[in-house]
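Short notes follow, in the order I checked things.

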Amino acid sequence: MDTEELLETLQAADLSYYQANAYVTLLELGTASATEVAQASDVPDARIYDVLRDLDDFGYVELYEQETFQARATDPETIVSGLSDRASALESAAAEIEERYERPTLDTQTVSIVKRFDTVLEAARTFVRDADTQVHAALTRDQFEALRGDLVDARDRGVTVNVTVLDRDGDESLDEADYEGAVNVAHRLSRPAPFVLTSDLRRTAFAPNPAAVEDYGLILRNRSFTYVFFWHFLLFMWLPSPVAYEAGAVGSKRYADIRQFLLENRERIRGDEPLRVEIEGRETDGDRSVTLSGEVVDAEHLSDGDGRDDRAPSVMALTGTASVVVDDGERRWTVGGWGATYEDVEAERIRVTDATAETEAEPAE
């Protein structure tokens with residue numbers, strides 16, 4: 001550290017410019033008169049006595065009379081110890097400031113804006129671990145590999161996992177072994193897109209695509225906002241992209257959104273084979289939690305727009321009413337999706353329970 005840096009550091013430790021100059025001069029001279037200190041430093045003659053008295057009060061120097069007014073630097077041990085303690089406190093404060101700015105407490109905030117993608121990815125990992133119904137994600141190969149272990153654990157818990165992998169120039173495509181055990185269905189999209197992960201239609205981790213000017217991320221624990229991001233994923237990153245991988249049937253499929261349930265099971269609903277489900281949700285009249293099991297006997301569901309059954313549904317088809325009628329053997333329940341008002345039940349989770357559906361249900365489109 002040169003003299004200028006030492007002076008700047010001492011000023012940061014609350015010495016004035018003149019006090020720092022006088023102290024560093026005394027460190028070099030050892031013992032000197034006030035006049036000698038003024039001549040060897042930038043301190044004006046008119047200020048030197050006041051400056052030295054202040055340094056004496058602070059414990060940096062010792063003053064005494066010997067024909068002339070003399071000063072010498074004190075043993076630096078106490079000063080060095082104090083500076084070290086202060087440096088440690090400043091480092092701790094810097095770390096705390098960064099932590100509070102970039103990593104807000106996810107458990108206590110509904111919406112958080114963060115600066116680092118690592119923070120978004122860590123939130124996504126937490127959301128996958130918290131999922132018990134369905135995970136949707138649009139992510140690059142590297143991001144998929146970073147989350148793969150958590151996605152495998154989610155699948156082992158019975159969570160339905162659908163991902164769109166964003167191919168970037170120079171990336172090697174994932175193969176079947178990479179997807180196996182981690183996803184139900186994977187699509188591939190060959191254009192830039194944001195990182196989006198939603199969990200159970202209640203939690204979202206989002207970051208703009210790398211080409212975006214903005215440098216930020218969003219972490220949401222909010223059902224309303226998450227539904228917006230789910231639709232963005234569905235319309236722009238899922239439906240338009242081709243299937244890259246489709247897992248074989250393992251257990252029953254779970255859905256957090258009634259429209260995706262209808263998309264994947266529309267042929268079964270149109271056909272003669274019974275489709276049995278278990279639905280967890282709330283009664284719209286009274287807001288009481290309810291679980292019902294039965295057969296889907298009717299649906300006001302998604303059409304293909306022009307009546308052609310071999311087409312993927314159009315965007316307009318997704319905007320219509322989405323509801324089903326479930327017969328539990330005692331009564332028929334009308335079931336809607338998020339925000340249902342006129343139906344008997346707002347579905348929060350739909351699980352296909354019959355074996356036929358497990359083996360024949362279409363992949364998400």
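**Entry: Arg288 and Glu283.** I looked up this pair in the predicted model. The side chains of Arg288 and Glu283 meet in a salt bridge, at 2.0 Å from N to O. Is Arg288 buried or exposed? Arg288 is exposed, because its relative accessible area is 51% and the exposed class starts over 50%. Glu283 has 13% relative accessibility, so I wrote it down as buried.

**Entry: Arg331 and Asp344.** Next I checked another salt bridge, between the side chains of Arg331 and Asp344, at 3.4 Å from N to O. This pair links distant parts of the chain, 13 residues apart. I found Arg331 in the loop between β15 (323–327) and β16 (332–336). Asp344 sits in the loop between β16 and β17 (345–352). Arg331 has 38% relative accessibility and counts as partly exposed. Asp344 has 26% and also counts as partly exposed.

**Entry: Asp200 and its neighbours in the loop.** Where does Asp200 lie? I found Asp200 in the loop between β8 and β9. Its side chain meets that of Arg203 in a salt bridge, at 3.1 Å from N to O. Asp200 is buried, with a relative accessible area of 9%. Arg203 is at 12% relative accessibility, so it counts as buried; the class needs a value under 20%.

I then looked at the backbone. Phi of Asp200 is near 55 degrees, a positive value in a residue other than glycine. Leu201 has a positive phi of about 55 degrees, and it is not a glycine either. Leu201 is placed in the loop between β8 and β9. I noted Leu201 as buried, because its relative accessible area is 4%.

**Entry: salt bridges as a group.** How many salt bridges are there? The count comes to 18. I also found a network of salt bridges that links Glu122, Arg125, Arg129 and Asp150.

**Entry: the largest nonpolar core.** I turned to the largest nonpolar core, which has 32 residues. Which of them touch the most other members? They are Val183, Phe195 and Leu197. α6 gives the most, with six residues.

**Entry: a negative patch.** Which residues form the negative surface patch? I wrote down Asp2, Glu4, Glu5, Glu8 and Asp42. I took Glu5 as my example. Glu5 lies in helix α1, residues 3–12. Its relative accessible area is 39%, so Glu5 is partly exposed.

Technical notes. Residues numbered from 1 in each chain as written. Predicted model: local features only at pLDDT ≥ 70, side-chain atom pairs only at ≥ 80, totals over all residues. Heavy atoms only, no water. Patch = residues over 30% accessible without salt bridge, like charges linked within 9 Å, V, L, I, M, F, W, Y side chains within 5 Å. Areas by Shrake-Rupley, 256 points an atom, 1.4 Å probe, with all protein chains shown as cover. Salt bridge = Lys/Arg side-chain N within 4 Å of Asp/Glu carboxyl O. Lys, Arg positive; Asp, Glu negative; His and termini not counted. Charge placed at Lys NZ, Arg CZ, Asp CG, Glu CD. Helix = DSSP H or I, 4+ residues; strand = E, 2+ residues; numbered from the N terminus. Buried < 20%, exposed > 50% of the residue type's maximum accessible area, 1.4 Å probe, protein only. Core = buried A, V, L, I, M, F, W, Y, C linked by side-chain atoms within 4.5 Å.
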